[in-house]
Amino acid sequence: MDGENIENRWNSSTLFIISMVGAIIGLNGIWRFSYLVYENGGGTFLIPYIIAIVVMAVPFLTLEFGLGYRFQSSLPRIFYNIKEEFEIIGWFVVFLIFMVLVYFACVIAWDLVYAVLSLFKMWGSNPSVFFTSTLLHSTPSPYGLTYLVVPVGIALLFIWGLIYFISKRDINSGIAVATKISMVIVLIFTVGLVIYALQLPGSRTGVMALFNPNWEYLLNSNLWLTAFGQLIFSYGLGYGIATTYSSYLPENSRLIDTAWIVVFLSLICEVLISIFIFAILGFMALGNNLTITSLVSD
């Protein structure tokens, strides 16, 4: 057991739950979930997805919570404690997580730059071309890797500085504070935007297009594979996130109850964000005399 983790624990299970939900909600939950719902039978997709939550997400999260809570150590050390030869597996998972972090840091840097530019609508009449060509200077040539986009570079330095600042602090003054602030902002914006979007003309058409069930899809094995696959990526199962966070849990934590709360809140967030996205798409479709399908495919 790490001596550091004995004193450095979550102040409450609530902080742990908020941080876990914050770790789960990402691009997969915000963008990919709504797209998969629409492309895979609408509301029908929720049936295998909820089943996947019950039979896979909750058991796996409970297992990872149990490992972290039992050994209260880093992921490689946990694998080492189980069996010495397994330590390399722990380090391999850590390496994969670091590679994912590098990727998402870049994506967040793009978002940060784009958020600033959006205040002035600098993308003009063709946002896609502006993003790929003007902003990112995207090119198929390998020499593009040597080109430094100054605004993105500055944003990336800021993101890595923020990551370093948060990770150097203890669990409650670092990750917990950052997650509380970000989750409150996300919650306020999400609820506010959903309420606003549902008042727009055409919004209900978009929401109906998203959730209108196509029962024939239930017999399609690809639907079930897609639902289970989305769940693995969205909830970060096997990534070591849940195991690491749970290693800081206080004594007498209720692991199974916590797992159910985490998946329930995450599902609510995914559905709310999907409603907002397709309400806006319905409004755009009506205003531009287009179909929802054409907007989604674009």
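Helix α10 (residues 203–211) and helix α13 (residues 255–288) have axes that come within 6 Å and cross at roughly 125 degrees, so α10 and α13 are oblique to each other. Oblique is what remains after angles under 35 degrees (roughly parallel), over 145 (roughly antiparallel) and 65 to 115 (roughly perpendicular). Axes are lines fitted to C-alpha atoms, for helices over the stretch in contact, and angles run from 0 to 180 degrees between N-to-C directions. Helices are DSSP runs of H or I with at least four residues, numbered from the N terminus.

This is a predicted model, in which local features need pLDDT of at least 70 and side-chain atom pairs count only at pLDDT 80 or more, while totals for chains, interfaces and linings use all residues. Residues are numbered from 1 along each chain as its sequence is written, and side-chain values use heavy atoms, with hydrogens and water left out.

From α10, the residues S203, G206, V207, L210 and F211 make the contact with α13 (heavy atoms within 4.5 Å). On the α13 side are V271, S274, I275, F278, A279, G282 and F283.

A second pair is α5 (residues 75–82) and α6 (residues 87–118), whose axes come within 7 Å and cross at roughly 160 degrees. That angle makes α5 roughly antiparallel to α6. Here L75, P76, F79 and Y80 of α5 meet E87, I89, G90, W91, V93 and V94 of α6.

Helix α4 (residues 46–71) has 26 residues and spans 35 Å from first to last C-alpha, close to the 38 Å expected at 1.5 Å a residue (1.5 Å times one less than the number of residues). At I53, α4 bends by about 40 degrees, the angle between axes fitted to the seven residues ending there and the seven starting there. Just after α4, Q72 takes a positive phi of about 45 degrees.

Note on methods: Helices (H or I, at least four residues) and strands (E, at least two) are DSSP runs, numbered from the N terminus.
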